[in-house]
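User: I'd like to see how the labels on this model hold up against their cut-offs. Can you walk me through them?

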Amino acid sequence: MTADTPLFERIALIGIGLIGSSLARAVRQHGLAGHIAICTRSAETLAAAEKLELGDSYTQDAAVAAKDADLVVICVPMGAYGAVAEAIAPSLKAGAIVSDVGSTKKSAIDDLGPSIPDGVHLVPGHPIAGTEHSGPEHGFASLFENHWCILTPPDGTNSDAIDKMTRLWETCGSMVEIMDAAHHDQVLAITSHLPHLISYTIVGTATDLEDHLKKEVVKFAAGGFRDFTRIAASDPIMWRDIFLNNKDAVLDVLGRFTEDLTALQRAIRRGEADTLGDSFERTRDIRKGVIEAKQDFMDKEEE
Ligand code: NAP
């Protein structure tokens, strides 16, 4: 791949928010596409993308963007996947790759798969990188650097298509792992989805406290609570869709979490110092492991 022969002649990005715009910037920076076609739902976001010069062509019609594309990457909330797939299907050319960046992968395959014509390769993906901000103005080219990107191609997917997607993400600075979609959803349920659910809950609980206490909560928000508020500021539509689309895996880990929380509750009530100490000692070791694995994102929250 050189500047003269980009990996893809035409990449269409359907959705140009935080992730789509970061991908547009990275693709441009690394010369991965001859043409970047940008599509978004609203005229307002389209105008913002054009002003930021994120692409080479701009449209609100997904079918127009996808026409003649070698790669179409869907970068919208998961609740919109079915409609987007139906819209682009008639314009997909034979041999094209359809991918996405969505946070749940079984649902991506279920929602996109039925509309993808024969001869078009579906290679779903999930960059484990992001922030709590939304919209094209918040994207940046280095977002994916040193972060994992998980690809979940269904069994039998064309290996050249998987290789091309691997090269795309590696060139954007990511480490790529190929995984079964169901396994991805279980792993992300515990590492990302449950922590977000807890954050939304704890900030909600604080918000429900009586007025005078609420003021104190905000005033004295030290590290712990402040971190929760940052996570709980994540896009509500996106997170609504994540929980709706990864229901089984989230309910499974939520059940385990609730049992563990109840055990700690009992230990506090009974004054069982050893139980509490041992539990916190064990989790401290996990923190060390996370840092050693270079997955310590204090400022850049992965989703
Ligand atoms: P975002 O900044 O809110 O941008 C969303 C984009 O999708 C915009 O272009 C928006 O269009 C469009 N869109 C929203 N609702 C739509 C609908 N119903 N139909 C068609 N288009 C619609 O979102 P994002 O953070 O980039 O997230 C996009 C995807 O990336 C999601 O599937 C999410 O799960 C995944 N993801 C996010 C993160 C993260 O940290 N944010 C990390 C990894 C993966 P308009 O603005 O024109 O309405």
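Analyst: Let's begin with polar contacts: a pair of N or O atoms within 3.5 Å, where within protein one must be able to donate a hydrogen and the other to accept it, and residues adjacent in sequence count only if both atoms are side-chain atoms. By that rule, five residue pairs (both at pLDDT 80 or more) are in polar contact between domain 1 and domain 2. The model is predicted, so local features need pLDDT of at least 70 and side-chain atom pairs count only at pLDDT 80 or more, while totals for chains, interfaces and linings use all residues. Residues are numbered from 1 along each chain as its sequence is written, and side-chain values use heavy atoms, with hydrogens and water left out.

User: What makes domain 1 and domain 2 two domains?

Analyst: The bounds come from an automatic or database domain assignment, which divides the protein chain into domain 1 (8-180) and domain 2 (184-292). Their C-alpha centres lie 31 Å apart.

User: How do you know how much area is buried between domain 1 and domain 2?

Analyst: Buried area is the accessible area (1.4 Å probe) that two parts lose on being put together, summed over both. Here that comes to about 1,200 Å², with carbon and sulfur atoms giving 60%. Ser103, Thr104 and Glu132 supply 38% of what domain 1 buries against domain 2, more than any other three residues. As for contact (heavy atoms within 4.5 Å), 17 residues of domain 1 touch 14 residues of domain 2.

User: How many salt bridges does the rule find across the interface of domain 1 and domain 2?

Analyst: The rule wants a side-chain nitrogen of Lys or Arg within 4 Å of a carboxyl oxygen of Asp or Glu. Across this interface it finds zero.

User: Why are E4 and E5 called paired strands?

Analyst: Strands (E, at least two residues) and helices (H or I, at least four) are DSSP runs, numbered from the N terminus. Two strands pair if DSSP finds at least two bridges between them. E4 (residues 71-74) and E5 (residues 97-100) have four bridges and run parallel, so they pass. Val73 stands opposite Ser99 in E5. Both strands belong to an open, parallel sheet of six, ordered E3-E2-E1-E4-E5-E6.

User: Why are E3 and E6 said to stand at the edges?

Analyst: E3 (57-59) and E6 (121-122) each have a single partner strand, so one side of each lacks a neighbour in the sheet.
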